Amino acid sequence: MAIVLLRTLIIYFTLLLIMRLLGKRQLGEMELSEFVLAALIADLAAHPLQDMGIPLLNGLIPILVLFCCELLIAGFSLRNIRLRSLIFGKPSLLIVRGEILQQEMLKNRFTPDELMQELRAQGITDLSQIEFAVLETNGRLNAILFPAERPATAAQLKLDAGEGGYPSIVISDGRVLEANLKHLGFDRRWLDRQLKEKGASSPKQVYLMTATASGQVYYAAKEAQP
Amino acid sequence: MRREAIAAGLLLLLILGTVLHLQYTDSLIEGVEHGLDQTEQAARAGDYKAALRALDSAHSLWDKHRSYAQAFFRHPDLDALQDAFASLEQLLRQEDPAWPAALTLLRYHLEALGDMEHPSIRTIF
């Protein structure tokens, strides 16, 4: 039993390290090589956990090899367009100026039902609104509406949208994140003023507080404990 | 570019490790087989005590590398090899004339361990 425990820990932390080193793309939409990697790694990792007769290295070495191959492929395809097209393919236009390209649909084995499903997921039910629909290399369908169908922006309506800014967390579950506060250009005195305005006497009463550089604040107090 | 260089380096290291492992395994198996050759010679000459000593020497050589073997070889294969050693030892102690078959089986298990580490059409597919 100790062996199972130790093997599981080793495999788990190795996978965690590998996926961390491979980057955020593995966690989001996957390209073909990334999908292959994820599928293989999961299976490879399970074998030494299920069968104590298999050496642990029989699971770890293939994982390392796949990791190296993925890094090399990703790195070289980043620098070489032809290689990128060869491995990942090219995006396909399925709709152009409102017209469905049926040959492209056939080539990509994309049915009308699937097309409608993907468009509905993006809140689009009227195909006549779509200028272009692109089937990306990661399998995701992106629709671009005709300019007249796109939601109007504040700039187009000549409205003042106010200041924007990137909200950073300044208090998380009662803990003040000093580095973020400093990065925004604020100090504890500013924070204490904000807390006083919201009726809090201490950061420990705050569940979440975010702020932008322009001073916009989002505040959520902690719920009373039962 | 640094990541790719590290990945390429790691891959080369793994390939180098594989080559070294093959050389190490071949050398170990050769050593054990030499011991088995001496076992066979002594047993054929009727000197079972000498045969047992040679077998024990071969077995000890294998045992010295058992930790390494367990890290790289499938454990059922290692268990089969241990069983084959034990069977041959028992037959030699009893001066049983069936010892050649047991020796052949032991050699088979040993060579199979080595063969499975060498890349070939048979082992890859």
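**View 1. A salt bridge joins Glu131(A) and Arg150(A) through their side chains, with N and O 3.4 Å apart.** A salt bridge here is a side-chain nitrogen of Lys or Arg within 4 Å of a carboxyl oxygen of Asp or Glu. The two partners come from distant parts of the chain, 19 residues apart: Glu131(A) is in strand S3 (residues 130-135) of chain A, and Arg150(A) is in the loop between strand S4 (141-145) and S5 of chain A. Helices (H or I, at least four residues) and strands (E, at least two) are DSSP runs, numbered from the N terminus. Glu131(A) counts as buried at 16% relative accessibility, whereas Arg150(A) is partly exposed, with a relative accessible area of 40%. Buried means under 20% relative accessible area, exposed over 50%, and partly exposed in between (1.4 Å probe, protein chains only).

The model is predicted: local features need pLDDT of at least 70, side-chain atom pairs count only at pLDDT 80 or more, and totals for chains, interfaces and linings use all residues. Residues are numbered from 1 along each chain as its sequence is written, chains are lettered from A and ligands numbered from 1 in the order in which they are written, and side-chain values use heavy atoms, with hydrogens and water left out.

**View 2. Lys107(A) and Glu104(A) form a salt bridge (3.6 Å, N to O).** The two residues are separated by about one helical turn because they are three residues apart in helix H5 (residues 102-107) of chain A. Lys107(A) is exposed, at a relative accessible area of 61%.

**View 3. In chain B, Arg107(B) forms a salt bridge with Glu40(B), the closest N and O atoms being 2.8 Å apart.** This pair also links distant parts of the chain: Arg107(B) is in helix H5 (residues 99-117) of chain B and Glu40(B) in helix H1 of chain B, 67 residues apart. Arg107(B) counts as buried at 16% relative accessibility, while Glu40(B) is partly exposed at 22%. Salt bridges that share partners join Asp37(B), Glu40(B), Arg44(B) and Arg107(B) into one network. Over all chains, the count comes to eleven salt bridges.

**View 4. Helix H3 (residues 57-79) of chain A and helix H1 (residues 2-44) of chain B have axes that come within 9 Å and cross at roughly 145°.** Axes are lines fitted to C-alpha atoms, for helices over the stretch in contact, and angles run from 0 to 180 degrees between N-to-C directions. Residues of H3(A), including Ile61(A), Leu64(A) and Phe67(A), meet residues of H1(B), including Ala7(B), Leu10(B) and Leu14(B). Contact means heavy atoms within 4.5 Å. The contact between chains A and B takes 20 residues from chain A and 15 residues from chain B. Across this interface there is one salt bridge; Arg79(A) and Glu4(B) meet in a salt bridge at 3.6 Å, N to O.

**View 5. Thr210(A) is in strand S7 (residues 206-211) of chain A, and Ser168(A) is in strand S5 (residues 168-172) of chain A.** Both are buried: Thr210(A) has a relative accessible area of 15%, and Ser168(A) is at 10%. Leaving aside neighbours within four places in sequence, Thr210(A) is in contact with residues including Ser168(A), Val170(A) and Tyr218(A). By the same criterion, the contacts of Ser168(A) include Asn180(A), Leu184(A) and Thr210(A).
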